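Hi there,

Here is the structure I promised to pass on to you. Have a look at it first, and then read my notes below.

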Amino acid sequence: SRLEGSNEKLDMRPNDTGGVATRHKTAHFEFFLPLLLAVVAAIGLAGCKGGSFPGAIHFSPDGSIIAYTYVERIDLPLPPELPTIYSTVYLQWCHSDQLKECQTLKIDSYGKSYGSFVQGKFSLMFSPDSKQIAVKSPRYLEVVDLETKTRRRLTGPDEPVAAMGWLGNTEMVYAIYKESAAGKKSDGATHQIFRHSIGEPPGKRSLLYEQNDYVGVYHDYISPTGEYVVFMSQGYSNGRFLLLNTQTGKVNPLTEKAGQCQGVSWRPDGSCVFCLSSRETLLWYPKEGRKKDLGKDYDNSFRRFLPYGPSIDKWWTPDGEYIVINSSKTGGCLVRPDPWHVFPVGKRLVSHLEATENRRVYRDSPDSYPYLFVQPYPGWTRIWLQIATEKKPEMPGQAVALEARNYLVDYEAERFLLRQPSDTPGGGFSLTPDGRKIVYFSRFIFLDEKPAFIPVVTQ
């Protein structure tokens, strides 16, 4: 509350964790807690620290800044579970040509209730001019000015944010859900969408949409330009897609059949959005007021092969050409929606390695394939997988020794480039937006780089 509606500078020093109050279920445990903490202090905090764990790498729109969050955990040395009793999350950023000169801000601290899973509850989004970054945490939505190191809090502690987006460089659009007084989702929640000028207190924000009987999983997808929001009327299998114009406040229905949301993906310029439910598949052009039914195309390519909905990236590839659809059954795929064409990138890489290089790719089942990660540099994706080797297994109970590999694969899955480091899955490995370097986490929360050596793609 100290920061609400203010531009106060943050104290850059890490907070002392000694004064954390931890709630316990029984008085018996509370009686022994001081003794336990005294023993821990005698052993030393080094014995309790769970380590530092970074999140995904984010590049600013102009490519000049890299940002990410990382969490520092303190674990009690009580095997076998090593429970996390305290987590502190930091925002760290640096210029893309000065990786060793990072700046850090403490964002928030969490107790046992969040534990080691707190990292996955944070999201970052740069402003279009690359000068600010929005941080969505489990408690607040805040905007950090990267030059002055000040932060502005946009929401209160009882307003969990489901989605956020920038509307220019001075406003944000975000959706929040407030649970019923009983605290049960089955009783319905209040769904609200706001337009908020940076620097204004929450009391002066503009309410664009409100619904008091929302039930189910939250689905809000704000366009990259902040001009539109696609959301569901309800969160289970009885919802319809709706489109909100944040300039006019007008809401229009996008679909006719009630179904369950399975994914929404925006083109980077906000001119087109792909909407997938359990009953409909469509491409919508909001400025033109035009839509295209993709139901037959999607069903023939995906739905009849999948027992469940796939994972769909919220934004298309940087060049605005392909939708990213990942599923273990189909592998990572790039889809050109209009006209419809599917490039099964994950399957083609596995086929290349097994048929051409005689390598056996480790898979959970014979019909599963690796996911792909879209890169900021257009024309290339990344796939992380494991190869079975003839080496002696080092891990107890391991039947075969595995070798991790990172591949850069072009959009048509015709060129496959093996790149180091190989032990960095997920969002901890990325091409720079200019395609010249690979940036990755080398030591916990510290970045390093290598030349990418990407061949020039010609038409």
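Please keep in mind that this is a predicted model.

**Overall picture**

The protein has three helices and 32 strands. Of its 459 residues, 49% are buried. Among contacts with a separation of 6 or more, 46% are between residues 24 or more positions apart.

**The largest pocket**

The largest pocket holds about 2000 Å³ of space. Its lining is made up of 50 residues, and those closest to the centre are I57, H58, L124, K314 and W315. Several strands give two or more residues to this lining: strand 2 (58–59), strand 6, strand 10 (161–167), strand 14 (220–222), strand 22 (311–312), strand 26 (373–374) and strand 30. By residue type, the lining of the largest pocket divides into 29 nonpolar, 15 polar and six charged residues.

**Helix 3**

Helix 3 covers residues 345–356, twelve residues in total.

Which residues of helix 3 are buried? They are V345, G346, L349, V350 and L353. These residues cover an arc of only 135 degrees around the axis, so they sit on the same side of helix 3. The face turned away from that buried side carries the exposed residues A355 and T356. As for what covers the buried residues of helix 3, the list includes strand 24, strand 25, strand 27 (380–388), strand 28 (402–410) and strand 29. After helix 3 comes N358, which has a positive phi near 60 degrees.

**H341, in one of the covering strands**

Strand 25 is among the elements covering the buried residues of helix 3, and H341 is in strand 25. H341 counts as partly exposed because its relative accessible area is 37%, between the limits of 20% and 50%. Leaving aside neighbours within four places in sequence, H341 is in contact with L334, V335 and R336.

**Backbone details to look at**

Most residues other than glycine have a negative phi, and most peptide bonds are trans.

- D338 and P339 are joined by a cis peptide bond, with omega about 5 degrees. P339 lies in the loop between strand 24 (331–337) and strand 25 (340–343).
- Q420 and P421 are also joined by a cis peptide bond, with omega about 0 degrees. P421 is in the loop between strand 29 (416–419) and strand 30 (429–431).
- S130 has a positive phi, near 70 degrees, although it is not a glycine. S130 is in the loop between strand 6 (123–126) and strand 7 (132–136).
- F453, again not a glycine, has a positive phi near 55 degrees. F453 belongs to the segment after strand 32 (446–451).

Are S130 and F453 buried or exposed? S130 has 4% relative accessibility, which is under 20%, so S130 counts as buried. F453 has 64% relative accessibility, which is over 50%, so F453 counts as exposed.

Best wishes

Conventions. Residues numbered from 1 in each chain as written. Predicted model: local features only at pLDDT ≥ 70, side-chain atom pairs only at ≥ 80, totals over all residues. Heavy atoms only, no water. Helix = DSSP H or I, 4+ residues; strand = E, 2+ residues; numbered from the N terminus. Buried < 20%, exposed > 50% of the residue type's maximum accessible area, 1.4 Å probe, protein only. 1 Å grid on protein atoms, 1.4 Å probe; cavity = no way out; pocket = protein on both sides within 12 Å on 5 of 7 lines; lining within 4 Å. Points joined across faces, edges and corners; volume = space filled by probe spheres on them. Nonpolar A, V, L, I, M, F, W, Y, C, P; charged D, E, K, R; others polar. Expected span 1.5 Å × (residues − 1). Arc of directions from axis to C-beta. Contact = heavy atoms within 4.5 Å.
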